[in-house]
Amino acid sequence: MTNNDIFGAKIPDSKLAGNITQFIRDTESNLLFHHSTRVYFWGALTGKRDSQKFDPELLYAAAMFHDVGLTHHYHESQLRFEVDGANAARDFLRSHGISEADVERVWLAIALHTTPGIPEHMHPEISLVQVGAGMDIAGRNYEHFTDEEREAVIAAYPRSKDFGHEVIDAFYHGMKHRPASTFGTFNDDFLAFRDPGFQRADVCSIILSSHWER
């Protein structure tokens with residue numbers, strides 16, 4: 001077992017995967033790089049356990065790019081951070097000659113990874129990114145992994161004891177300049193947690209103050 005092969009879940013040994021690793025290494029903090037790699041392994045281990053047919057290269061691309069939109073490169077963007085990450089992955093994969101159908105699958109996996117209730121009904125590469133992110137951020141389906149699997153992934157790609165607060169800070173700093181982009185998502189929780197003055201949008205108030213109600 002190596003850092004690239006954990007209980008049969010493997011990071012693809014391909015030029016594309018190597019280029020993805022280098023790009024994310026150069027773009028993200030250690031916190032997000034290790035988180036993204038763990039997301040891949042939680043997703044791949046789940047897919048392997050459940051006998052799902054997925055493309056490891058596409059899953060790896062989606063997992064590694066899924067939080068790129070939180071980096072300083074997007075500190076002026078007003079898009080949802082998920083869309084920034086999806087667009088970055090799309091541009092990267094197109095530049096490497098990946099088919100549009102595969103590019104779209106990766107784009108959707110990233111764009112929808114914070115949208116509960118939808119990815120699980122889509123292609124495995126899409127659903128498994130959300131599975132991996134949910135496991136690493138909030139321990140969702142924690143009990144579905146063996147102690148040995150969890151220990152091996154964490155040993156290879158460390159998760160600090162204060163990861164919860166660290167990742168909340170990363171989300172806050174990645175979105176505080178674009179609060180409107182969090183409307184309709186749970187991302188507004190990160191802003192409310194860190195900023196007592198943050199005002200959540202209320203869809204009921206929006207409806208009742210619309211032109212239709214005047």
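View 1. Gly184 sits in the loop between helix H8 (163-175) and helix H9 (188-194); helices are DSSP runs of H or I with at least four residues, numbered from the N terminus. The C-alpha atoms of Gly184 and Val203 lie 8.5 Å apart. This is a predicted model in which local features need pLDDT of at least 70 and side-chain atom pairs count only at pLDDT 80 or more, while totals for chains, interfaces and linings use all residues. Residues are numbered from 1 along each chain as its sequence is written, and side-chain values use heavy atoms, leaving out hydrogens and water.

**View 2. Leu70 is buried.** Here the relative accessible area is 5%. Leu70 belongs to the loop between helix H3 (56-65) and helix H4 (81-95). Among the residues Leu70 touches, leaving aside those up to four places away in sequence, are Leu32, Phe81 and Phe171 (contact means heavy atoms within 4.5 Å).

**View 3. Arg38 and Asp136 form a salt bridge.** Their closest N and O atoms are 2.7 Å apart (a salt bridge is a side-chain nitrogen of Lys or Arg within 4 Å of a carboxyl oxygen of Asp or Glu). Arg38 lies in helix H2 (residues 30-49) and Asp136 in helix H6 (residues 124-138), so the pair ties together parts 98 residues apart in sequence. Both residues are buried.

**View 4. Asp147 and Arg150 meet in a salt bridge.** The N to O distance is 2.3 Å. Asp147 is partly exposed at 44% relative accessibility, whereas Arg150 is buried at 12%.

Conventions
Helix = DSSP H or I, 4+ residues; strand = E, 2+ residues; numbered from the N terminus. Buried < 20%, exposed > 50% of the residue type's maximum accessible area, 1.4 Å probe, protein only.
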